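Please open the model in a viewer and keep the selection tool at hand.

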Amino acid sequence: MTFINLESSKTNTPHPLGDLTTHITNDGSLSLRNSYYKESFHSLSGAKKESKEKFLYPSQVNRFFTSKELRVLDVCLGLGYNSACLIESVINSPITLNLWGLELDQRPLRTALENPIFRKSWSKSILEILKSINNSGKWQNDKSHGNMVWGDARQKLTFIPKDLYFDLIFLDAFSPVKCPQLWSDEFLHDLADRLAPNGRIITYSSSAAIRGSLQRAGLRIYSIIPTNKEGRGWSAGTIGIRESQAKNLTSNSTTWRTLSNMEKEHLLTSAAVPYRDPTRTSTNKEIIYRRKVEQENSQNESTSSWKKRWDIT
């Protein structure tokens, strides 16, 4: 794998959000690595592949084909894969799409659009939409439209009309241990409050802390079934839906399943202690320290003990 640093050749001053390095994932699609978070935007298995398997397929957008409008919030737009895959899946359908995005850093999308490998991944119509988002923060065609709000998602969420509730909310921030600001109990409750009655919050994270927060926000939790046993192998992410709609969720999906006993017990361990950010302004270090103290005082089973019981390495 070849990494190309996009910042060092331009300036010797580190960017406050970290330098970006390009690389190609195993499905041939472009991704980036961020030096501040020390994480890649996607798994090595494939950037576009991951967006489809962990966000698009669990959305089951065909269930909205009889609706007048599909309302979607993409938290952490990044390179734009999740939104682009969604748009691509409905562009020839009867759906009218109302898409909103939240993103702090505009560089990933701009970098992607400048890369020929990324551009070859999409049709001309999808690229025009992404270019419009990058240039003006919005896009519109005959029946669909979208708006980007650039800045800290914790505060910028309030810039979205308060009477707009979303059928799908994608949460694709860097991992909770690196970017806890966007995984706090408070922010997850804020997102759940913006969920339409039949809506879903979808994320790649299977963290007990995140699942616990979504449950406290009144959502029923489901586990996304991994397709290639990457990572821990037992889950590829999480779907949260309102308890009132749980009975309407079909039980024969090949994409998701109810939580296993192992996953349910995970929610009773110290790993389930939430990230807390009551003011929505705390730094990552402040949130991590706050959680560490709470975990040290927790009476929950230790995560190591849970792993030992379930033979998890």
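**Salt bridges and a helix crossing**

Begin by selecting Glu 296, which counts as exposed because its relative accessibility is 56% and the threshold for that class is over 50%. The model on display is a predicted one.

Lys 292 is partly exposed, at a relative accessible area of 46%. A salt bridge joins Glu 296 to Lys 292, with 3.6 Å between the closest N and O atoms. Both residues belong to helix α10 (residues 284–296); because they are four residues apart there, about one helical turn separates them.

Next, select Asp 152 and Arg 154. Their closest N and O atoms lie 2.8 Å apart, and the two residues form a salt bridge. Which of the classes, buried or exposed, applies to Arg 154? Its relative accessibility is 9%, so Arg 154 counts as buried. Asp 152, by contrast, is partly exposed, with a relative accessible area of 22%.

Return briefly to the pair in α10: Glu 296 and Lys 292 are four residues apart in that helix. Now extend the selection at Asp 152 and Arg 154 to include Asp 277: salt bridges with shared partners join Asp 152, Arg 154 and Asp 277 into one network.

Proceed to Glu 263 and Arg 211. Here the side chains meet in a salt bridge, at 2.9 Å from N to O. Glu 263 is located in helix α9 (residues 261–266) and Arg 211 in helix α8, so this pair ties together parts 52 residues apart in sequence. Glu 263 and Arg 211 are both buried. Across the model, the count of salt bridges comes to 17.

Keep helix α8 (residues 208–216) in view and select helix α7 (residues 185–193) beside it. The two axes come within 9 Å of each other and cross at roughly 50°. At that angle α7 is oblique to α8. The crossing of these helices is right-handed.

For the last stop, display the side chains where the two helices meet. Which residues of α7 meet α8? On the α7 side they are Asp 185, Leu 188 and His 189, and on the α8 side Ile 210, Ser 213, Leu 214 and Arg 216. Coloured by class, this contact of α7 with α8 shows three nonpolar, two polar and two charged residues.

How values were computed
Residues numbered from 1 in each chain as written. Predicted model: local features only at pLDDT ≥ 70, side-chain atom pairs only at ≥ 80, totals over all residues. Heavy atoms only, no water. Axes fitted to C-alpha atoms, helices over the stretch in contact; angles between N-to-C directions. Parallel < 35°, antiparallel > 145°, perpendicular 65-115°, else oblique. Left-handed = near helix turned anticlockwise from the far one by under 90°. Contact = heavy atoms within 4.5 Å. Nonpolar A, V, L, I, M, F, W, Y, C, P; charged D, E, K, R; others polar. Salt bridge = Lys/Arg side-chain N within 4 Å of Asp/Glu carboxyl O. Buried < 20%, exposed > 50% of the residue type's maximum accessible area, 1.4 Å probe, protein only.
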